[in-house]
Amino acid sequence: MDHQPKFFENLSGSGKAIGVLTSGGDAQGMNAAVRAVVRMGIYVKAKVYFVYEGYQGMVDGGDNIVEVSWESVSSILQVGGTVIGSARCKSFRTHEGRLQAAYNLVQRGITNLCVIGGDGSLTGANLFREEWSGLLEELAQNGKIDAEAVKKYAYLNIVGMVGSIDNDFCGTDMTIGTDSALHRIIEVVDAIMTTAQSHQRTFVLEVMGRHCGYLALVSALACGADWVFIPEYPPEEGWEDTMCVKLSENRARKKRLNIIIVAEGAIDCHNKPITSEKVKDLVVQRLGFDTRVTILGHVQRGGTPSAFDRILASRMGVEAVLALLEATPATPACVVSLSGNQAVRLPLMECVQMTQEVQKAMDEGRFLEAVRLRGRSFENNLNTYKLLAHKIPDAELPKTNFNVAVLNVGAPAAGMNAAVRAAVRVGITEGHKMFAVIDGFEGFARGKIKEISWGDVGGWTGQGGSILGTKRTLPAKYLEKIAEQMRTNNINALMVIGGFEAYLGLLELSAAREKYDEFCIPMVMVPATVSNNVPGSDFSIGADTALNTITDTCDRIKQSASGTKRRVFIIETMGGYCGYLANMGALAAGADAAYIFEEQFDIRELQANVEHLTEKMKTSIQRGLVLRNENCNENYTTDFIYQLYSEEGKGVFDCRKNVLGHMQQGGAPSPFDRNFGTKISAKAMQWISKKLKETYRKEPGKVFANTEDSVCLLGMRRRNLVFQPVAELKTETDFVHRIPKEQWWLKLRPLMKILAKYKTSYDVSDSGQLEHVAMLPKEAVPAAI
């Protein structure tokens, strides 16, 4: 971008008062949003007020509307639900109720409202805004306020953030709470799968979503469920027979369990409800399988927010305050939302209308339209699920006579197995023979390669690590042997799932094309590494799981000091030279500082951080958290920083250090990584099929691809999934430190500093434009998978 960066220093909130409230059903991450609004508001010198118990508190006034300080939101980041309470409010729906609410706000000079809730709450807020000037005039006529106040508080500005676990709001990829709800569901499904496996049972799981099937669909995709029922896409007539045939086919393939997921609002094509009990009875009557029902209920709303939700809510909270500061009487009420990894602002009522359109389409039986209106992410999920869940009979499969090999390279990352499963199943559906390479390029050279079938990858989505085995070895020293194996097994295309080594490996293989014809085939890489340091992609498979591990551990470590005297923890994270985990972990855990390689620091900065913490510890704050990337500086080691803080903090706080180590690479993959891995890998496989068709030469009857665009990396860029030739990515790479030269998340550095009470500059060039809700291009896949 060639525009001049725009900083928010010139946006002052002095003289402004912001009210923040949570309304409607609670969702994990609401507290992170509240914390961000309060701290950003105070940072720009505005007054910030809590409105307790949602709109009810606004109507009741009194102690329900309270001015808050920086410390008021300390230690709420990791708490689920909402600490300021939420209530359904009948009186706000009446004119008298809103009149009283307006009076209570004017008394405190509040003319900026930040509402965190679902579409009902936001629609109510918009109505309130439209009526505002009329309400003030009525109050003046009643002698409650004077004419001066009517003039001074003439306009009410409203910014909404969507907090809803259902992800049922159009215009936003992910609503606050959705990712955490998926975490709860997947934890339960993983636990149920082990017991179902033991007893050869069928489990019918009912998840929330009265009008929206997002949770059901994504959890079905993430655990490889046999069947899913959602309101937007009812099964066709005669689904009972089809489902039972599919279940018994799966059992015949030696699968010991069946999982069926039902959204609570599931319906058939005649708009009649499909309940979990009905599905259970059907399976028992027709197939005689031992079948159990589990209704997840409010478990899905509970628990601590995931790393994704904390970061999402923190970013949105800051964006909401900026939107309020920039609002004029002419700007419509807006919603701050996420598209890809970009924060955007959308007109509130456009989003609400679009959301209502979906319901209308469902009521009128226009189900395909309903799926389309839900947006690109939903449609993508549905198509991928249909592609991977049900095997087409062998007789009906196309036969391409192409052999495609899949291998893992580099360190293990959670979600690799989901990616392998998707690649194998899509490849088989496209008519190819799929081969699995064991132990990366080293295994390839040794001939550890075997054909892999549809059933072989069943149940792989929830497995951590790499089932195929992975090595960091690069192919350069084995070129002769790998070429020989490719000749022997007649491999026509290669899919590599891995981190920086996979990228280097593809560069080496493409360089060797001059010498070996065997490498003149389509090759694609899918990024999978906890470090998130692969050029050409904003996200890589495994990074979200590692981030959650770091966040959980930081929560526990902070809790370990409760009740003791003031304490600061120094925590070392992985990532090589890439500071992604340290920086985002710091944002999600509410750390005071994060030391990373990309932002050089010296002893003066360390000194300033210690002094800053010392000042903080003199208030009611008891604990400090400092994250350090393992390679951020060769001299300022974790030990050095620990000793420095210990010495300088004497008499004020004591210090402890923790090195998180390999626990960051382990564990079951998070819902995000399972879905990101599944979808990105399925897309990569479709690209391979397209390239194979393009590069097949009838004479001499083989595939020949030697152009740069036949060796690609599939990455997530801003809002889209993009195929980029690896040769072109060379200019974007710092090969010495194994990181991309430019990284999007560095823009979020100031965010962490602001929330930790540092004075800093925050480039807001990317925000501030009000976009319109449009049907986004089909190809685009959001970060919020």
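This is a predicted model: local features need pLDDT of at least 70, side-chain atom pairs count only at pLDDT 80 or more; totals for chains, interfaces and linings use all residues.
This tour goes from model confidence to a sheet and then to a pair of helices.

Residues are numbered from 1 along each chain as its sequence is written, and side-chain values use heavy atoms, without hydrogens or water.

Colour first by pLDDT, the predictor's confidence in each residue, from 0 to 100. The protein has a mean of 92, and 96% of its residues reach 70 or more. Residues 1-5 lie below 50, with six contacts beyond near neighbours in sequence; a contact means heavy atoms within 4.5 Å.

Next, select the open sheet of seven strands, ordered E3-E2-E1-E4-E5-E10-E11 with mixed pairing. Strands (E, at least two residues) and helices (H or I, at least four) are DSSP runs numbered from the N terminus, and two strands pair if DSSP finds at least two bridges between them. E3 (65-67) and E11 (342-347) are the edge strands; each has a single partner, so one side of each lacks a neighbour in the sheet. Within the sheet, E10 (residues 334-339) pairs with E11 in the antiparallel sense over six bridges, and Cys 334 is opposite Pro 347 in E11.

Finally, display H6 (residues 178-199) and H22 (residues 671-695), whose axes come within 9 Å and cross at roughly 90°. Axes are lines fitted to C-alpha atoms, for helices over the stretch in contact, and angles run from 0 to 180 degrees between N-to-C directions. At this contact, Asp 179, Leu 182, His 183, Ile 186 and Asp 190 of H6 meet Pro 671, Phe 672 and Arg 674 of H22.
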